[in-house]
Amino acid sequence: MTKDISLSLLNSYKKAINSYDEVIDHNGQVKPYWQSLFDTLESVGMVELELRNQEIINKLKENGVTYNVYESSNGMNRPWKLDPIPFLIHQKEWQVIEKGLKQRAHLLDLILKDIYGPQLLIKKSIIPAELVFDNTGFSLPCSDIKQKLQSQLLLYACDMARGPDGKMWLLDNRTQSPSGSGYALENRTVMSKVFPELNKNIYRSKLSPYFNHLQQTVATLGNISNENPNVVFLTPGPGNETYFEHVYLSSFLGYTLVQGSDLLVRDGFVWLKSIDQLERVDVIIRRVDDEWCDPLELKESSLLGVPGLLQVMRLGNVAVLNPPGTSVLENYGLMAFMQNACKFLLDEPLLMNSVATWWCGQPKELNFVLENIPKLIIKKANRKQGFKSIYGRMLTKAQLVELQNMIRKNPKDFVAQQEVSLSTTPSFIDGKLVPRFAAMRAFLVSDGNDYKVMQGGLTRSSPVKDKFVISNQLGGLSKDTWIVTDTQNEYYERIVVRKNTSNQHSNSLTSRNAENLFWVGRLCERTMALTSFLKIILNRLNENVNHEGKKQPEYLIVLLKSLTHLTLTYPGFTEEDDESIFENPNAELLTLITDTKKRGSVAYNIKTLINTINQISEKWNHDTRRIINLLEDSLFTLKDSNSSSLSHVNHGLDMLYTRLFAFYGNIFETLPRDNGFYLWEVGKNIERILSLISILRSSFSFKNNDEVENVLMEAVLENHHLLAQYRNIYKSHLSLVAVLNMLFLEKNLPYTLSYLLDALANCLSKLPKSIDPNRLNMAEKTVLEASTKIKLIDAESLIKADKENQYRAGLDQTLAQVFELISSVTSNLTSLYFNHSVIQHSFLDTIEKINSDEI
């Protein structure tokens, strides 16, 4: 019965096919494993399939899976798109494909070693010299670098699709820093959780062996005397296209995620700058493009790399996957000479076809290309020149002539590839199963001698009918890729037991991450303090709606001025001559809430907080990531608010405050009590102290009448969660002496100065000391001085005011001194931890997003 229903679904799908399709074999029959998948889809139902698709979207968002798109009108972080319909290849076919992939990897490795070695391919005219020496991927400084394993191309990826002959064709090579394996793993993880029924009657191979092989290769590359090498994952930073994957893989593999500024070269070694010491680095898995790796020998303007890295590699004191210089293999023109190179180096024909390629630097090929452009795709040989592929069939006569002239002018710069019809595969688009073009990226890792192929990959399909648009930058969809078998395969992971664990490295806290954690604490508390104080003011305004257009009560004027002092958004409410701003404060308040460009506003603070959070994405677990998503939603809600009514944004502030508390609570409960945690707590306590002092100074430094001061005292206590405790302890009406005694001296309440200063001193004491651990450093001395000033206060004398101007000099000056002391702690911490050692780099700007390895 199910098969009959499934056949109707298949018949509906087959009617939409207008080219050869993955579902149908060469005899026109449905492949058995696709039949099983369609049976399952039919039993699930299209309505449920739509629900699962939405669940996939939600899960990817919760996990923070993004692909950054530069100069996108919708912002850089584009959500990752995953089709609920997987891409299937049978194991028997995959075994043939594997042989072709391994051969291609061995061939490219040999070509790489020849280009930076004897250059026999050039000398014997098998590969034109221009394709090497005119290629920006060729780096002469890399010629004398040799890593210890036999293979130099340790990581390799290639894009392939089914060609007109029904076999897989190789479309493109990725050699310098192949991306996509992390997305493939995330796709599998999400699909397994959301749609487990799909593999009910299908056996699929696991992806984990590939990552285990990668870890074993990395361990082999480490120093011989070090059984547990210190491995770092080098990323250009959060602005990079595939930054999510950098975070994901570094966490999954257990390697420290670093940027170029986290590393330095000293005494012939690469060192990681952590806040307590320099740690020697043994292996670097890089995601920084070749030319940006070393500003001393490659691109001098780079801030992404490590000055002196190539020399350390020459000395054999650090291994890099893949070594700089490998991007020379990504030249499109080389594909035209792979067959001859394979016969010369391996003495065998290519096992896997490539798309027919012609390099225009040869007269015969040039004439062919010029005469057949309407049938070809024109590309620049050097992919780094940012030239978009041109489809000849889409050109007008005038454009055709223009392109021909361009090619004739610089023929060596161009290649042409045959435009072939590739296969389609089922995709779930707008609630329907429809055929779409697709290509698969395969991943290989070398163990030094042979290559291991991932039993799966990253498949991308086009969302547009009859168009091969698979790039994620252009909105392509990804698919979980299954290598299916007739019987279940058992895989037993190889476990390597370390004989010596004394040198085992945990993920180190880099100076950069230390500073970011500190500022996450400060910015989170700053946003919470401002949000809380705004809620107090808005509530008081709502109680006095009948004053709209009139002068506000004196206590509201004081609170509004305090708000400007807290946010430092001068002149704001501090304009003495501008009474209109107090008569109609809504415009200024709305700006302070919703304007992302106004430094000090809620929207600006939350935006800065999220940016800082994203700088250290590897620190957050899934639950924290979900709360971060909610914070992003709050930001969008606030900044997109077009209402002129404060009541419209008041609810948004309530939600934001709750989410900030959830973020704080989740971090407090989940972060390990290490240096990062204590720096985060230090940042939070510093900001809480400074905001409390700011509000106290602006509220009570000048004496007001008793009625006004009663309201101010109540507002301040409420704002710092102390009003109920005050009533419980003092059981009397509000007294400024009692309020100050509580705010200054109570040691058991989290928002009092004594408690906060003690907590700050305790966190500072947990941080590493560079001199005598029993002696106080400058930050600790500063906090001790501030704490002493607070604990020695006499509230009775502090509230005394000058009879002429009502100025409370004792209170204001004491708070000002403590404010200056605590403000200086940040500078002390910077010199102690955030500038661990001299950073070597060029003073020229570098764009962190430069990376040609788009997926």
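Two strands pair if DSSP finds at least two bridges between them. Helices (H or I, at least four residues) and strands (E, at least two) are DSSP runs, numbered from the N terminus.

This is a predicted model, in which local features need pLDDT of at least 70, side-chain atom pairs count only at pLDDT 80 or more, and totals for chains, interfaces and linings use all residues. Residues are numbered from 1 along each chain as its sequence is written, and side-chain values use heavy atoms, without hydrogens or water.

**Confidence**

pLDDT is the predictor's confidence in each residue, from 0 to 100. Its mean over the protein chain is 88, and 91% of the residues reach 70 or more. Among the elements, helix H1 (residues 2-15) has the lowest mean, 67. Strand S20 (residues 451-453) has the highest, 97. Over residues 1-6 the pLDDT is below 50, and this stretch has 7 contacts (heavy atoms within 4.5 Å) beyond near neighbours in sequence. Residues 495-505 also stay under 50, with 13 contacts beyond four places in sequence. Where pLDDT is low, the predicted coordinates should not be read in detail.

Strand S4 covers residues 155-162. Buried means under 20% relative accessible area, exposed over 50%, and partly exposed in between (1.4 Å probe, protein chains only). In S4, 8 of the 8 residues are buried, so the strand is largely enclosed by the rest of the structure. In a regular strand the side chains alternate between the two faces of the sheet. Leu155, Ala157, Asp159 and Ala161 point one way from S4. Tyr156, Cys158, Met160 and Arg162 point the other way.

S4 pairs with two strands, S19 and S5.

| Strand paired with S4 | Residues | Bridges | Sense |
|---|---|---|---|
| S19 | 432-446 | 6 bridges | antiparallel |
| S5 | 168-174 | 6 bridges | antiparallel |

Met160 has Met440 as its bridge partner in S19. Arg162 is bridged to Met168 in S5. The hairpin of S4 and S5 has 5 residues between the strands, and Gly166 there takes a positive phi near 85°.

**A four-stranded open sheet**

Elsewhere, 4 strands form an open antiparallel sheet, ordered S14-S17-S15-S16. Strands S14 (357-359) and S16 (390-391) stand at the edges with a single partner strand each, so one side of each lacks a neighbour in the sheet. S14 joins S17 (residues 414-418) through 3 bridges. Trp359 stands opposite Val415 in S17. Helix H12 (residues 363-371) lies across S14, S15 (376-380) and S17. H12 runs at about 120° to S14, with axes fitted to C-alpha atoms, for helices over the stretch in contact, and angles taken from 0 to 180 degrees between N-to-C directions.
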